[in-house]
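Okay, thanks for making time, everyone. I'd like to walk through one model today, so let me put it up on the screen.

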Amino acid sequence: MSNLERDPRETVCAGSAEGPARELLAGRDVVLGGPRGMKVTRTLPNRDRRMVGAWCFVDQYGPEPAVMRVAPHPHTGLQTVTWLLEGEVLHRDSLGSAQVITPGGLNLMTAGRGISHSEESTREGVLHGVQLWVALPENARHTAPAFDHHPDLPVLTAPGVRATVIVGELGGAVSPAVAYTPLVGAELVLEEGAAVTLPVRPDFEYAAMALGGTAEVDGVLLEPGPLLYLGSGRAELAFAAGSGGRVLLLGGEPFEERLVMWWNFVGRGHEEIERFRKEWSQGTAFGTVRGYDGAPLPAPVLPATPLKPRPRHR
């Protein structure tokens, strides 16, 4: 999915893992594709916490009737992780991939040095899902672009909980998805009234958000919308179900590289972002998405103030 803001601000990648925390981060509503487009709630990047491990972008949408139609657009320096709870979405990209994703499957696109893609819902009806970005480290951000679809993912089960490991590892269950930094992404489905404690890594920072129903995470009641930043230093996390709780758990080793995030690019400096924008505008890079009925997205105008790479710590 794209960042479709007409005047995207530079995203300052700052924040740190300083031990356990319980910070509830409110999201902001963003409309994709103009005034009649699909509304999403964006909780990362956030004013207070910009990243969780290498996770640098979190959009949640639905559940509501919606039509997704995101025209071809470019990406660099990141991976996109698409996870659906309801509906179907067709992914096309400049590698020639054409893949429908349905609930329970994973679409993972590695932009590397550059790729373009489009996304469209395949039929009218309810859409519900999350779109996530993972920042690539210096040693991987120039890698060749790639796309992978995983229809089946490992599941960790315990009394009262079923956890699908989307990326990384949780409780010994390891996702087949390629990751370039130590991280985890998992969806937990909790039975009503269930209480469970899962092992986590003390060197990871974590965050959680409710995807449906209600649930307590580390004693904090979550409803769909905000992201609960949990910090690091824990060996386990406690979850308790309210009404049909579904929880997205994100975590990873703190990402210390300085980044520039602007529009759909993750880079390391203003000149690099300027070059990415020029190459997309002139059609000299990022390839062509075939099969999409419509024009590609134009790049916004760069801000007058030069973009600066920022550390995680303010």
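Before anything else, the accessibility terms: buried means under 20% relative accessible area, exposed means over 50%, and partly exposed is in between, with a 1.4 Å probe and protein chains only. Also, this is a predicted model, where local features need pLDDT of at least 70, side-chain atom pairs count only at pLDDT 80 or more, and totals for chains, interfaces and linings use all residues. Residues are numbered from 1 along each chain as its sequence is written, and side-chain values use heavy atoms, with hydrogens and water left out.

So, let's start with Glu 120. At 16% relative accessibility, Glu 120 counts as buried. What does its side chain meet? One partner is Arg 69, in a salt bridge of 3.0 Å, N to O. By salt bridge I mean a side-chain nitrogen of Lys or Arg within 4 Å of a carboxyl oxygen of Asp or Glu. Arg 69 lies in strand E5 and Glu 120 in strand E10, so this pair ties together parts that are 51 residues apart in sequence. Strands here (E, at least two residues) are DSSP runs, numbered from the N terminus. Arg 69 itself is partly exposed, at 44%.

Glu 120 also has a salt bridge to Arg 92, at 2.7 Å, N to O. Arg 92 sits in strand E7, residues 89-93, so here the parts tied together are 28 residues apart in sequence. Arg 92 is buried, as Glu 120 is.

Across the whole structure, the search finds 15 salt bridges. Another one is Arg 201 with Asp 203, closest N and O atoms 2.7 Å apart. Arg 201 is partly exposed at 35%, and Asp 203 is partly exposed at 37%. Then there's a network: Glu 138, Arg 141, Glu 257, Arg 268 and Glu 272 are joined by salt bridges that share partners.

Okay, next topic, the annotated site. Which residues does the UniProt "binding site" annotation cover? The unreviewed entry lists His 73, His 75, His 117 and Glu 119. They span 47 residues in sequence, but no two of their C-alpha atoms are more than 13.4 Å apart, so they gather at one spot. A caveat: UniProt positions are in the numbering used here, feature names are shortened, and annotations may be inferred rather than shown by experiment.

His 75 is in strand E5, residues 69-75, and is buried at 0%. His 117 is in strand E10, residues 115-121, and is buried at 0% too. The side chains of His 117 and His 73 make a polar contact of 3.0 Å. That term means a pair of N or O atoms within 3.5 Å; within protein, one must be able to donate a hydrogen and the other to accept it, and residues adjacent in sequence count only if both atoms are side-chain atoms.

Rings of Phe, Tyr and Trp (its six-membered ring) pair if their centres lie within 6.5 Å; planes under 30 degrees apart are stacked, over 60 edge-to-face, and the rest tilted. Phe 57 and Trp 133 have centres 4.0 Å apart and planes at 15 degrees, so that pair is stacked. Both Phe 57 and Trp 133 are buried. Trp 263 and Phe 265, with centres 5.6 Å apart and planes at 80 degrees, are edge-to-face.

Conventions
Helix = DSSP H or I, 4+ residues; strand = E, 2+ residues; numbered from the N terminus.
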